[in-house]
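Subject: Model handover and notes

Hello,

The structure is below for you to open. My notes on it follow.

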Amino acid sequence: TACDSSSYLEFAKCAEFLRERNQIDEATLMNELREGNAILLDARGKEAYNALHIDGSVNLPYTSFSASNLAHIIPDKDARIIIYCRNNFRLSVTD
């Protein structure tokens, strides 16, 4: 089948708009986690998660996102979900 490039690009543009609109800063993240209002989902691969992750986060690589996998990780459909991935995770190394 032919790829519908224009629909894909429109979808990607919409997804990027939503991603930018819903980004939160570190203070908001810490507040949400302290208050127990959120599930922190690490969407990176298992190796990256095992090497370094934010305490309290759960790992589900974005390539494994499916209705059943997400329902298993996030049983409460009303929970606030905060997702981070390699684009949001920077390792600072100091000597």
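Contact here means heavy atoms within 4.5 Å. By that rule, and not counting residues up to four places away in sequence, Leu 40 touches Leu 29, Leu 33, Ile 54, Gly 56, Ser 57, Val 58, Ile 82 and Tyr 84.

First, the ground rules. This is a predicted model: local features need pLDDT of at least 70, side-chain atom pairs count only at pLDDT 80 or more, and totals for chains, interfaces and linings use all residues. Residues are numbered from 1 along each chain as its sequence is written, and side-chain values use heavy atoms, with hydrogens and water left out.

Overall layout

The protein has 4 helices and 3 strands. These are DSSP runs numbered from the N terminus: helices are H or I with at least four residues, strands are E with at least two. The order from the N terminus is α-α-β-α-β-α-β. Of the contacts between residues at least 6 apart in sequence, 49% join residues at least 24 apart. Buried residues account for 17% of the 95 residues. Buried means under 20% relative accessible area, exposed means over 50%, and partly exposed lies in between (1.4 Å probe, protein chains only). The accessible surface is about 7700 Å², and carbon and sulfur atoms hold 53% of it. Areas come from the Shrake-Rupley method with a 1.4 Å probe; for residues, only the protein chains shown count as cover.

The core

The largest nonpolar core has 5 residues: Leu 29, Ala 38, Leu 40, Ile 82 and Tyr 84. Strand 1 (38-42) and strand 3 each supply at least two residues of this core. Such a core is a set of buried Ala, Val, Leu, Ile, Met, Phe, Trp, Tyr and Cys residues joined through side-chain atoms within 4.5 Å.

Ser 57

Look at Ser 57 next. It sits in the loop between helix 3 (46-51) and strand 2 (58-59). Ser 57 counts as buried because its relative accessibility is 6%. Its side chain reaches the backbone oxygen of Ile 54 at 2.7 Å. That is a polar contact: a pair of N or O atoms within 3.5 Å; within protein, one must be able to donate a hydrogen and the other to accept it, and residues adjacent in sequence count only if both atoms are side-chain atoms. Leaving out residues up to four places away in sequence, Ser 57 touches Leu 40, Asp 42, Tyr 49 and Tyr 84.

Salt bridges

How many salt bridges does the structure hold? There are 3. The criterion is a side-chain nitrogen of Lys or Arg within 4 Å of a carboxyl oxygen of Asp or Glu.

- Arg 44 pairs with Asp 42, with the closest N and O atoms 2.8 Å apart. Arg 44 is buried at 9% relative accessibility. Asp 42 is buried at 0%.
- Arg 19 pairs with Glu 16 at 2.7 Å, N to O. Both lie in helix 1 (residues 5-22), 3 residues apart, about one turn of the helix. Arg 19 is partly exposed at 42% relative accessibility. Glu 16 is partly exposed at 32%.
- Arg 80 pairs with Glu 32, with the closest N and O atoms 3.6 Å apart. Arg 80 lies in strand 3 (residues 80-84) and Glu 32 in helix 2 (residues 26-35), so the pair ties together parts that are 48 residues apart in sequence. Arg 80 is partly exposed at 35%. Glu 32 counts as buried at 15%.

Best wishes
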